[in-house]
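Me: Could you walk me through this model, question by question?

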Amino acid sequence: MQIDIRTTAVTPLRQTFGHVARRIGSGKPASRYQEATFDLQPEVNFHYRPYWDAGHELYDASRTAIVMDDWYACTDPRQYYYGAWTQTRARQQEVMERNFAFVEQRGLPELLDEGWKRRVAALVLPLRHVEYAANLNNTAVAAYGYGAALTQAASFCAMDRLGIAQYLTRIGLLLDSNGSALLDAAKADWLHAAHLQPLRRLCEDLLVVEDWFELLLAQDFVLDGLLYPLVYERIEAEFSREAGTTLALLSGFMDEWYAEHTRWIDQQLKVVAAASAANRERVAGWCRQWSERVRAALLPLASEVFGDGAEAVLDELEAALQARAQKKCGLSWAPEVAA
Amino acid sequence: MSNNRVYIALQNNEDARPIIEAIEADNPHATVTHFPAMVKIDADGRIEVRRASVEALIGRAWDPQEIHLSLVSISGNVDETDEAFILERHN
Amino acid sequence: MSTPTSAPKKLGLREKYARMTRDLAWEPSYQPKDKIYPQAGLEGIKIEDWDRWEDPFRLTMDAYWKYQAEKERKLYAIIDAFAQNNAQLNVTDARYVNALKLFLTGVTPLEYAAHRGFAMVGRAFPGAGAQVACQMQSIDELRHVQTQIHTISHYNKYFSGFEEWRHMHDRVWYLSVPKSFFDDAMSAGPFEFITAISFSFEYVLTNLLFMPFMSGAAYNGDMATVTFGFSAQSDEARHMTLGLEVIKFMLEQHPDNLPIVQRWIDKWFWRGYRLLTLVAMMMDYMLPKRVMSWQEAWEMYFEQNGGALFADLARYGIRMPRHWEVSVKEKDRLSHEAWATFYNYGHAAAFHTWMPDESEMAWLAEKYPASFDARYRPRYEHWIAEERAGRRFYNPTLPMLCQVCQIPMVFTEPDDPTTTCYRESHYHGEHYHFCSDGCKDIFDAEPEKYVQSWLPVHQIYQGHCGGGSVPEVLRWYRLEAGRDNLDYLSSPDRQNWQRWKGEAAAG
């Protein structure tokens, strides 16, 4: 019969699990991120070939042309596991809740010009559909990608995109005093208005890209890398100049999220490109190819706001993306040679 | 077969206590059973968790979605509205 | 385009949620829909209108983050306190920890599989309502893997058998039972996957996994496991609702779906039931303090609640799953047959086995009055006598495995609990063996699938598992002989426990 336990006698036999210790060195305590991430995905001894893809195993590294000795090199600089991710988002969500309440309680939407609102509906609200495509594309990476380190971050990204699509929806509802006419107008534009068709075509084309790493790069690096600065910096600045900071207040999450998102996606490209010359060449080739296409898809949208200045705005944004690729990912690509 | 039993199981904690109390008051036909760390409530046909009843017990606004924080398990068709969380079977 | 001038109004939960989810999607015109969703038509399920999908729950991401973060904060506070206080020493007995070993090696990897599987169907289904529900479940499942790892991480520091759970899950013989279960579901098409996992497993059977396990943990002083378990269960209610909605949706969409769905329900009930054999054994043998017997749990959660569910579904033409009567006939023998098997093969398992003591046998006799004293006690008394005479019984022969469920062929005839049940089929000139009519039916419907099974015993005999001898195979499993396996009585776990608790070594 014992009353108290002498804690000196209760010493740990080991610090962490075998697969984690083999990566970080034995005898060292592991972080929650490491234990929640490393080697989670099965790699061998699968029982049945997938009915939906008999050419591959259930998890199969050959679903992308990128070759890695170790996909767990693709860690997340934010070190998000579920608990860390969801608690970060909950804090941001609280701020957004206060911002929405602030705008609503002060009746700010009623003070805004109807023409201005209609322009928000034509230029910003349709992005909820772009975010929906981004949600599906990141879900595809989470589903068919390789290695829990990369795929779990893609899962978080997919849900973030759904969250952003929902914030945009709430903006539409709020500006319309809880009516849905603005959202309906924005959707009609998305389906039919000329300035959005190239972007919609790009989104639909992304939904059928088969190589998941190419998809990740095209969506999260190239498209986001040009679209977010265009909309949430350049276009939003125009809107704020015209009608104050209401819109900026309601899209604060997107700015904060994008800054964090780039840290993650930059690291993925950097690690993959650094692994081999073949990877580097392929990644650079995809960057070149997709930035051409994304730029062309965004031009009509930019032209709605900047008119003849749109080309110059996109030149700047593309140069900034190239500089970012060079600095953060060690990547560069020459522009497509004009035919 | 006339089995149309539904049930809801909640954690046995402070958040769930008023919810359980509200269910007992609003569903007199239900049976409450205590297990280690968990309370299971069975009833024929229907169990309702009413927002107004829980709010009256806790003295603050309560969103029926908050029930997800304490829920352990359910059986039956769910209907979630602004006013209530309902489990039912129609057979 | 007219500008909105309507008066402020409050959108109802349902309408607002539709705006937040399905209204985000659009009918594509630049790419054909079947190229965007190539898996949607593979299985013959006919969906006329995805807009008729009823959302099983209506959580937007902001509310999701808010509620889930609150759950996570509470859970990790307890995990931290548990570690700081060395609360592993508060469990009833170190034998209990073996239930957690089985959980981490057998169940936690399934949570990961569910995470990936729901990501797959969250991309594969053409309806945005279904996509969102599946994606949300996908990250919930990731939550479950990670909270389980973080909780059990502390036990791993003080007990053996947890360390190589990831490596073992893909190799060790009995772990191919859970692994093949999920591989089976994930390698099927999206509609079968969701029927298998959301309906048959989550809705019909998962209560039998979590409710007794977590009540058992509470009863045995393991507050960390109770907390992760109940915290995970709070997500499970959403998942179960999804399971029911999916079935109703498929059945309401087209009458041709009924026979397909019924066949899947039959198949996945039996697959899931066989998987739960491990839970039956855990409940009746591995918990030092028992909450309820497997038989009681099966009566409560399957016969009573499952009965109500299938009565409810009868209006769609769905009947009880095939062979459910067999599960009822087996309820007073399942756990005993399973525990005897693991006792036999305790040298090749990554957890400890033992014979129940006298008080435990009395409990078993009380809970199983028709079967325990007559059939199982005599066998146990024989093994106890052998052990005391220095001849602890281990079975040196590798068992024959069922081609479908991959459990050794140890189950008995439905109407004769003293005769082992063997079934077989012939396919392309080969013989395949099964533990039951349920497993044979599954094979016969899709032989081309189940001939692929990675059967651990076959693999050992074919030389794919590190060598032909038991020590070589155990090394390949990364199972440290003498530490992770064998009888609890001789284990380092037990010695450490007695030292930590200041108990006198009892021999």
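Me: Which residues touch the most other members of the largest nonpolar core?
Reply: This is a predicted model: local features need pLDDT of at least 70, side-chain atom pairs count only at pLDDT 80 or more, and totals for chains, interfaces and linings use all residues. A nonpolar core is a set of buried Ala, Val, Leu, Ile, Met, Phe, Trp, Tyr and Cys residues joined through C-beta atoms within 7 Å; buried means 20 or more other C-beta atoms within 10 Å of a residue's own, with C-beta atoms placed from the backbone. Of the 275 residues in the largest such core, those that touch the most other members are Leu125(A), Leu217(A) and Leu298(A).

Me: Which helix gives the largest share of this core?
Reply: Helices here are DSSP runs (H or I, at least four residues), and strands are E runs of at least two, numbered from the N terminus. Residues are numbered from 1 along each chain as its sequence is written, with chains lettered from A and ligands numbered from 1 in the order in which they are written. The largest share, 18 residues, comes from residues 190-219 of chain C, that is, helix 9.

Me: Which residues does Leu298(A) touch?
Reply: Contact means that two C-beta atoms, placed from the backbone, lie within 7 Å. Leaving out residues up to four places away in sequence, Leu298(A) touches Leu199(A), Leu226(A), Leu227(A), Leu230(A) and Leu314(A).

Me: Which chains share the most contacts?
Reply: No contact joins chain A and chain B, and their closest C-alpha atoms lie 15 Å apart. Of the 2 pairs of chains in contact, the most contacts are shared by chains A and C.

Me: What radius of gyration does chain C have?
Reply: The radius is taken over C-alpha atoms, and the globule rule is 2.2 Å times the number of residues to the power 0.38. With 507 residues, a compact globule would be near 23 Å, so chain C agrees with its radius of gyration of 24 Å.

Me: What share of chain C is buried?
Reply: Chain C comes to 22 helices and 4 strands. Of its 507 residues, the buried share is 58%.

Terms used:
Buried ≥ 20, exposed ≤ 12 C-beta atoms within 10 Å, placed from the backbone.
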